[in-house]
Amino acid sequence: MNRPIRVLVAKPGLDGHDRGAKVVARAMRDAGMEVIYTGLRQTPEQIAEAAIQEDVDCVAMSILSGAHNHLFPKVVNLLKEKGGEDILVVGGGVIPEEDIPGLKEAGVAEIFTPGTPTRETIDFITNNIKRD
Amino acid sequence: MDIRAGLLAGNKRAAARLITMIENGDPEAIEIIKENYAKIGKARIIGITGPPGAGKSTVTDKLAKLVRKQGKKVAIIAVDPTSPFSGGAILGDRIRMSDLNTDEGVFIRSMGTRGALGGLSKSVHGAIKVMDIFGCDYIFVETVGVGQSEIDIVKVADTVLMVMVPGLGDDIQAIKAGIMEIGDVFAVNKSDREGAEKTATEIEIMLDLNGMTEYRPPVKNIIAKDNKGIEELWDAIEKHYEYMVSSGNFSKRRQNAIETEILEIFKQNLLDKVEKLEKKGEYLSDLIKKVFNKQIDPYTAAIELSNILNKEGGE
């Protein structure tokens, strides 16, 4: 079945910078994905609930405030609670190298730091979503 | 995941998955809808349409919150355009509905138009049915930002709310045919801006010219972002519903919707058969060549195609 991949692009936390998220969203659109863009300052609950209702294949979050170690794993856990354990979770933004292993351990599939070509993110999502 | 059981138990993930299956043309989804069809028809369907940037999402958000205060279960289906080039889309209506996200009694689903031109997605019919089976009392369907002729919403909604804003054009825009004719209730949003009264007056004048006697669509000035005029707007929507029911137009409109739907499905089935037929032998391609070479014309080609289809069955 030929279907577009659905991705929720979300900005958890309090920083108000969504330029990067918008650039990635636009690149995803151009790659044929359906991007649900939820806007700024979303709580993990809002993100997980939206992901369930929208039945997305992937949740892509961007964070610049430094709260990634707290917020990313929280979304992963909430998704599991809501029966969305098959939803791929990826993150991006200003994230120190040393935090990445911990985030992966917590269930974030990949972290894309500044300078990552959008193509790389898109290819990763395309190759790693868990549904046909 | 057991979608059938989940759907009836009020599991959002099951309902969400079923809508995805409908969007992707999964035949299993049609079976599930068939099994539950007798339950369908209880939800009220309110269409929200208007030009891009008029505030459709914000109005939807405020109306949904009002209805939630009455303890009703609400679904919102929000449609945004799909790129004709990549097939991708950015669905951004949820941005204006953030605090509805975590409300247990609200289900929001964003959809891309996926090639449909009438302001909706062709899966909207199916999504409405899923929400209805799911037990929603009100289903708000928000169209893409419309121009002048995207009127498919009138074929699915019991009440069409037209959201306008000041400053979009002169009064000739209001008397053109198309979207302005399908509003059951008009809202002039952003009424704190200059020209709001003028816009409302122009709509009123257009309605005067319609010469309608039995029901006249009301025009409400609102400021959705400040929640101003929302209760009056909802009253107007309720009054339209009461009128529809008492006049018998409610069942008439629903029957029209069913007619449209049957014919759409019929057309789609026919096209699917042509596609299957094409895989067997290149009938359509041959006809195209013949028309291109002026051996026959497109009218004759269409008749020949249906003759072939009748003979071959398209199976």
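How many residues does the contact take from chain A and from chain B? It takes 28 residues from chain A and 26 from chain B, where being in contact means that two C-beta atoms, placed from the backbone, lie within 7 Å. The model is a predicted one, so to speak: local features need pLDDT of at least 70, side-chain atom pairs count only at pLDDT 80 or more, and totals for chains, interfaces and linings use all residues. Residues are numbered from 1 along each chain as its sequence is written, while chains are lettered from A and ligands numbered from 1 in the order in which they are written.

On the chain A side, the elements giving two or more residues are helix H1 (19-30), strand E2 (34-37) and helix H2 (44-54). Helices (H or I, at least four residues) and strands (E, at least two) are DSSP runs, numbered from the N terminus. H2(A) gives the most, with seven residues. By type, the chain A side splits into eleven nonpolar, eight polar and nine charged residues; here Ala, Val, Leu, Ile, Met, Phe, Trp, Tyr, Cys and Pro count as nonpolar, Asp, Glu, Lys and Arg as charged, and the others, Gly among them, as polar. E2(A) also pairs with strand E3 (residues 89-91) of chain B, in the parallel sense and over three bridges; pairing asks for at least two DSSP bridges between strands. In this pair, Glu34(A) sits opposite Ala89(B).

Now for chain B itself, which has eleven helices and eight strands. Seven strands make an open, parallel sheet in the order E4-E2-E5-E1-E6-E7-E8. Its edges are strand E4 (106-112) and strand E8 (219-221), each pairing on one side only. Inside the sheet, E6 (residues 159-164) and E7 (residues 185-188) of chain B are joined by four bridges, and Met162(B) stands opposite Phe186(B).

The largest nonpolar core has 114 residues, and those with the most contacts inside it include Val7(A), Val35(A), Ile77(B) and Ile139(B). Such a core is a set of buried Ala, Val, Leu, Ile, Met, Phe, Trp, Tyr and Cys residues joined through C-beta atoms within 7 Å. A residue is buried if 20 or more other C-beta atoms lie within 10 Å of its own, exposed if 12 or fewer, and partly exposed in between, with C-beta atoms placed from the backbone. Of the 315 residues of chain B, 40% count as buried.
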